[in-house]
Amino acid sequence: MKKNITINLCGRLFNIDEDAYELLKNYMDTLHNYFKNQKGGEEIANDIEERIAELLEELKAKGTEAINIEHIKDVINRIGQPEQMDDNQEEMKEDYQEQAYFSTSEEEKTPRGIDKLKDFIKHKRFYRNPKDKMLAGVISGFASTFEVDVTILRMIVVVVAILASAIRYPNFLFINLHPLLFIIITYCILAAIMPEAETPEQQLKMQGKPINMSNLANEVVQNVSEATQKIKPAHGAKSILNTIMKFLTGCMKALLVILAIGLFFMGAIIVVWTILTYVTPNNIHHFFDWNTIPIFNESLGTFNVFVVAIVMSLLIPAYVIIYCLTNRMSVMQRISWLLIWLIALATSIMTGITLTKISDEYKYQKYYESRLKDGVFMSEEDKEYLELNNWKVVMCMNCDRFTAKGQHYSGDKEIQYLDDWEDRARMRMKVEQSQIVEPGKYRLTAVVRAENKGPILYAKVHGRNYQIDFPITGNEGGSVWEDACNTNLNAINGKKNDNDATIRKTEIENIRNANDGKGFGWTRIAIEDIIVRGTAKVTFGISTNTGKMRAKWFSACDVELERIGD
């Protein structure tokens, strides 16, 4: 059942059903828009409106009680024909047809070369098609403009997107941009800047048709017909393709909704985390992997700008996605939101780079300080070993390292020892420690090895210097390994107790088997008869600053000062 409406047209009352009223209203609005910018156009529109009232009056005189949509279509077709137009309308139609792409003569129907391109640019416009859209109507608009099947064009875009998703990231203008992401961004930009063909004039421009009374009438009738009755469904392969496209479109809309929700929650999380950072700055020191201590001390304003910009960068797309899926947004609104989003994104990137630099400098300073010992930067393992064994770094030039693992004389690869290596034998390293000792005779011992001459073991007390050179053994053999090979394991039995004997035998066997039974070159050396008179401080250590350094590497461990007599 359709509802009837009573309208007043040019002082005359007519009963008209709602579908017919909608069509008549759209047609009258189109006429006024068409003629409003033309000289005398308003009078022409009023004359046409008067002519429509006369034709409806004729229907009423014939006994038509309620005017339906078919009556209005017939009236529009009669009004829209050239022979029904007055002289002024005819002149305007002829002026337009002189410039129109669609000419009446066969020779002019197909312009060639540059003339065809000029006519295409002059008479066709790019619009989004609202009557056949899956997402924003961009592809449908291009299909109408270029007069190709929209389903085929959509399938081409889908296939290109699928193939692009498998392509490796190319380097384009020094920016790594995935082709699939490029397609999505391009579509979003086109959707933002391309207006929607809402009026019949815009729909005719999209299709490249002349804007005249006849075409306007046909477009108005077609728009209302599509809105009031179900469009005939496609059949065969096209129906299958349309079904596939609708499914893919539904998936895309679902993904967009999920994306919008995800962006919203990310923005909310950043806001909450920011509030917590402000409230408890002493407990929360990290924000986006930044240390907030230097940021809050040096660049709080930049941090505030970054938070606002990054939240806007996340919430604006979320808002626009949800709004566009449920409402229409004008071109100016879309362009405005796009510009605001780009400004927010650029601001967040620039301020983020600034804050990252501040945080990284602070982190490096803390990292450097954590590795600093006696004014020398070293690894955590080296620093830990030196501090544990009370070594002080006196000199360090061209030092590759301070310790190493893997070639201890015992064969245990986890035992750490003093070690340095420099391919050109230019290292100048000196480490030492001090002990306060009672009067007496002392001996300084160490287990060492060297690739060439240069390193020494030294001791100093009462202004007197003691020193001994490292033996040149390389990384095989050595007195420690030789002593282990010459030790009679059977003679160890009965010493102290059986448990100690077992441990001693195991140690000797490990030394024998080190480096596949060849040893690592470790040799025990000693400085004898260090005389201490009264309580005094004995300083001892290892140095390569001897003026005769030829060794590319050396190692040392088990450095001990022991009292051997009065």
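This is a predicted model: local features need pLDDT of at least 70, side-chain atom pairs count only at pLDDT 80 or more; totals for chains, interfaces and linings use all residues.
**Stop 1: helix H6.** Select residues 138-146, which form H6. Color by burial. Val 138, Ile 139, Ser 140, Gly 141, Ala 143 and Thr 145 are buried here. Now step just past the helix to Glu 147. Its phi is positive, about 60°.

**Stop 2: Arg 371 and Glu 380.** A search of the whole structure gives 11 salt bridges. Show the side chains of Arg 371 and Glu 380 for one of them; the N to O distance is 3.6 Å. Glu 380 is partly exposed, at 46%.

**Stop 3: Arg 443 and Glu 528.** Select this pair next. Their side chains form a salt bridge of 3.7 Å, N to O. The two residues lie 85 apart in the chain, so display both strands: Arg 443 belongs to E13 (residues 440-450) and Glu 528 to E16 (residues 523-532). Arg 443 is partly exposed at 25% relative accessibility. Glu 528 is also partly exposed, at 38%.

**Stop 4: Asp 566 and Arg 563.** Move to this pair. The salt bridge between their side chains spans 3.0 Å, N to O. Asp 566 is exposed, with a relative accessible area of 80%. Arg 563 is partly exposed, at 45%.

**Stop 5: a network.** Finally, select Arg 443, Glu 528 and Glu 562 together. Salt bridges with shared partners connect these residues into one network.

Terms used
Residues are numbered from 1 along each chain as its sequence is written. Side-chain values use heavy atoms; hydrogens and water are left out. Buried means under 20% relative accessible area, exposed over 50%, partly exposed in between (1.4 Å probe, protein chains only). Helices (H or I, at least four residues) and strands (E, at least two) are DSSP runs, numbered from the N terminus. A salt bridge is a side-chain nitrogen of Lys or Arg within 4 Å of a carboxyl oxygen of Asp or Glu.
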